[in-house]
Amino acid sequence: MNKVYNNRAWWLILPMLLLVAFSAIIPLMTVVNYSVQDVFDAHTRFFTGTEWFKEMLNDPSLHAALLRQFAFSLIVLAIQVPLGIGIALIMPKSGWQASAVLILVTMPLLIPWNVVGSIWQLFTRGDIGLMGWSIRELGYGYNITSSPVDAWATIILMDVWHWTPLIALLCYSGLRSIPDAYYQAARIDRASRWAVFRYIQLPKLTNVLVIGVLLRFMHSFMIYAEPFVLTGGGPGSSTTFLSQSLVTMAVGQQDLGPSAAFSLIYFLIILLVCWVFYTAIMNMQKDKNQGGV
Amino acid sequence: MSDSLPTTPDAVRKQAALANNRRRRKTRSATRQWRRRGLMGAYILFVLLPIYWLLNMSFQSNNEILGGLTLWPQDFTFEHYAKIFTDSSWYMGYINSIAYVVMNMLISISVALPAAYAFSRYKFIGDKHLFFWLLTNMMAPPAVFLLPYFQLYYTVGLFDTHVAVALAHCLFNIPLAVWILEGFMSSVPKEIDETAFVDGYSFPRFFVKIFIPMISSGIGVTLFFLFMFSWVELLLASTLTSTGAQPIGSVMTQTKGASGIDWGALAAAGTLTILPGIMVVYFVRNHIAKGFALGRT
């Protein structure tokens, strides 16, 4: 769409801008402020420059948390994206089944995040949980409070349960926008099922998939409540992800300076990855517009 | 053509092969259909099983829960639900949660509508940077803002009120709303605006009378997403409240009594947090398919 150049549009943006600025810029500036100072109490504080940043960047426990975080995000994306596409392909397209399946599939997305943790805690406990009990009955000593492997597997399974619906629904809506004529043409050409997927469905999905991967990356990178409730970050610190390290540092230990520096580094990593995605989306839209016109 | 009688042996063979193919394709598509249903069923089972387990426990007495594994409630009880609905520290959690979610939805949608219109219709100084900056707020980890929010809202005297949580959730909900609405608005042709202005509509009247009805499904979907992200967030909501506006999520974390965790009450409370979500999905089920692509397919 060719837009009109008009700076009065700022007036339409202004209310939103004030509100977001209140809840984003002021707090962010507080964080920046803390990150360069050593605060003893309300009146005594010293300027420390980049000291906290250096300390944080050299902290081995944070390196470990960062690595875990990336590993978690990548594993989760690698499972959820293909699975989500698969589910979108087999979801019924019309009738009451379509509505029913849609509601059932969406359900996990609308459960508060800590409740998701509780649900899985109840489900996987060895004594009272269906899954934990069943696995033990099968002869495997499943225990998420002592075995890091079990804890990781459970958290990943929980995340797959929780967030695959998002990818599935995004893809489902992408698939719904493909006109029937495309499929008819494919049938006339005797295209195989794979060819239909590869040349008709997948190209239509790239747009929504980029949005999906972006959202999933973001949310998996700031995951907090679910593992906190399920494993508490344990056993040891094997499932302590970045957000939890940050909250422990900021609220638990009250280390304002280091945690502020950590916050900024954390935020910058997310920004960097998302900026890459954002430019990819924008370029894709540009290509599409040029191709279309 | 193919139904007419074949005249040469070659044609007979060809027609037989065709018929054979058709039959084979039909049976193959039938088995594919069944496989499809089977896989879908398996996935639905995977989704429902943990929820079933929660539901199961919520109807069991605590003795039964701890006594051993039972696949369905043996002595069916409503005691946990009764407790939640009669104890004000429990049910106020739900009221608080719903209060700040609704407040947040109203605030977000009312400021996001004009802003999204501006982004979809006009070019102006700094529009692209502004849009990216907005999205960055969506990406901000709540843990980063935890402490500054606490201090900010404490200083302005909003700590432990619904407004504080509603405003805090604006951080990610307003950008989301602008993003979704911009997609929907951009699919409305610009000629409609121009025609309306030629017909003598003022901007506010055009916006309310013509434009908003045209993107009503987009607004519905946006409200759905606003509900979703405000309802599920807990870290900020529990940090900004103590007792007066405590969300249900943080009430649930305090179920540890003298005799350990009250599993039954936890399960019942969890079950009740799922219900509002199901209701909301039910209302928007016909728009969800389109809306999940955020107006961008």
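In S1(B), Tyr5(A) has Lys123(B) as its bridge partner. The strands concerned are strand S1 (residues 4-5) of chain A and strand S1 (residues 122-123) of chain B, which run parallel and are joined by two bridges. Two strands pair if DSSP finds at least two bridges between them. Helices (H or I, at least four residues) and strands (E, at least two) are DSSP runs, numbered from the N terminus. The model is predicted: local features need pLDDT of at least 70 and side-chain atom pairs count only at pLDDT 80 or more, while totals for chains, interfaces and linings use all residues. Residues are numbered from 1 along each chain as its sequence is written, and chains are lettered from A and ligands numbered from 1 in the order in which they are written.

Two residues are in contact if their C-beta atoms, placed from the backbone, lie within 7 Å.

Ile111(A) has contacts in both chains. Apart from neighbours within four places in sequence, Ile111(A) is in contact with Val116(A), Val232(B), Thr273(B), Ile274(B) and Gly277(B). Ile111(A) lies in the loop between helix H4 (95-106) and helix H5 (113-124) of chain A. Ile111(A) is buried, because 24 other C-beta atoms lie within 10 Å. A residue is buried if 20 or more other C-beta atoms lie within 10 Å of its own, exposed if 12 or fewer, and partly exposed in between, with C-beta atoms placed from the backbone. Val273(A) is 162 residues from Ile111(A) in sequence, and their C-alpha atoms are 27 Å apart.

Chain A contains 12 helices and three strands. Its C-alpha trace spans about 80 × 70 × 30 Å along the principal axes. Of the 293 residues of chain A, 39% count as buried. Among contacts in chain A with a separation of 6 or more, 70% join residues 24 or more positions apart.

An unreviewed UniProt entry places the feature "domain: ABC transmembrane type-1" at residues 66-277 of chain A. UniProt positions are given in the numbering used here, feature names are shortened, and annotations may be inferred rather than shown by experiment. Over residues 66-277 the chain is 77% helix and 0% strand, with end C-alpha atoms 20 Å apart. The UniProt annotation "transmembrane region" (unreviewed entry) covers several spans of chain A, including residues 102-123 and 260-281. Residues 102-123 are 73% helix and 0% strand, and their end C-alpha atoms lie 24 Å apart. Residues 260-281 are 100% helix and 0% strand, with end C-alpha atoms 31 Å apart.

The largest nonpolar core has 150 residues, of which Cys171(A), Ala112(B), Ala115(B) and Val178(B) touch the most other members. A nonpolar core is a set of buried Ala, Val, Leu, Ile, Met, Phe, Trp, Tyr and Cys residues joined through C-beta atoms within 7 Å. Helix H7 (residues 162-186) of chain B gives the most to this core, 17 residues. Domain 1 (9-58) and domain 2 (86-291) of chain B both give residues to the core, so it lies between them. These domain bounds come from an automatic or database domain assignment. The C-alpha centres of the two domains of chain B lie 40 Å apart. Five residues of domain 1 of chain B are in contact with seven residues of domain 2 of chain B. The domain 1 side of this contact has four nonpolar residues, one polar and no charged.

Arg190(A) lies in the loop between helix H8 (180-188) and helix H9 (193-221) of chain A. Arg190(A) counts as exposed because it has 7 C-beta neighbours inside 10 Å. Asp160(B) lies in the loop between helix H6 (142-155) and H7 of chain B, and with 16 C-beta neighbours inside 10 Å it counts as partly exposed.

Key:
Ala, Val, Leu, Ile, Met, Phe, Trp, Tyr, Cys and Pro count as nonpolar, Asp, Glu, Lys and Arg as charged, and the others, Gly among them, as polar.
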